[in-house]
Amino acid sequence: YALLGGLALRATPPFQELDRKHQALLQTLRSQHWEDAQRLIQECLSFDTLGLRLRALYALYRERVNAYQRQPPGRDWDGVFIAVSK
């Protein structure tokens with residue numbers, strides 16, 4: 001999760017579209033649909049023009065998806081990322 005802005009920003013159509021895409025991204029991650037997740041990460045990044053500084057957040061998601069593509073978390077995965085190193 002990330003704190004992005006106040007109520008005025010939240011009410012804008014571009015932010016609402018970003019929110020829909022971000023929620024879809026979270027669902028694809030939980031469903032382990034990695035290719036769809038990669039596509040949605042890129043779509044969410046297109047909203048970086050809102051001044052939200054999203055690059056670091058979505059770079060982290062991309063890094064995790066890449067790792068999950070190499071080594072899937074298993075069928076019983078609950079969506080929680082477990083760090084294995086500092």
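A residue is called buried when its relative accessible area is under 20%, exposed when the value is over 50%, and partly exposed in between (1.4 Å probe, protein chains only). On this scale, 26% of the 86 residues of the protein count as buried. The structure is a predicted model, in which local features need pLDDT of at least 70 and side-chain atom pairs count only at pLDDT 80 or more, while totals for chains, interfaces and linings use all residues. Residues are numbered from 1 along each chain as its sequence is written, and side-chain values use heavy atoms, with hydrogens and water left out.

The protein contains four helices and zero strands, where helices (H or I, at least four residues) and strands (E, at least two) are DSSP runs numbered from the N terminus. The order along the sequence is α-α-α-α. The C-alpha trace spans about 40 × 25 × 20 Å along its principal axes. With a contact defined as heavy atoms within 4.5 Å, 57% of the contacts between residues at least 6 apart in sequence join residues at least 24 apart.

The accessible surface, computed by the Shrake-Rupley method with a 1.4 Å probe and, for residues, with only the protein chains shown counting as cover, comes to about 6,300 Å². Carbon and sulfur atoms account for 54% of this surface. For charges, Lys and Arg count as positive and Asp and Glu as negative, with His and the chain ends not counted; each charge is placed at NZ of Lys, CZ of Arg, CG of Asp or CD of Glu. The mean positions of the 12 positive and 9 negative charges are 4 Å apart.

A salt bridge was taken as a side-chain nitrogen of Lys or Arg within 4 Å of a carboxyl oxygen of Asp or Glu, and six salt bridges were counted by this rule. R39 takes part in one with D36, with the closest N and O atoms 4.0 Å apart. R39 and D36 lie three residues apart in helix α3 (residues 34–45), a separation of about one helical turn. Both are partly exposed, R39 at 43% relative accessible area and D36 at 35%.

R39 also forms a salt bridge with E43, at 3.0 Å between the closest N and O atoms. These two residues are four apart in helix α3, again about one helical turn, and E43 is partly exposed at 23%. Through shared partners, salt bridges join E17, R20, K21, D36, R39 and E43 into one network. A salt bridge also links the side chains of R55 and D48, at 3.5 Å from N to O; R55 is exposed, with a relative accessible area of 52%.
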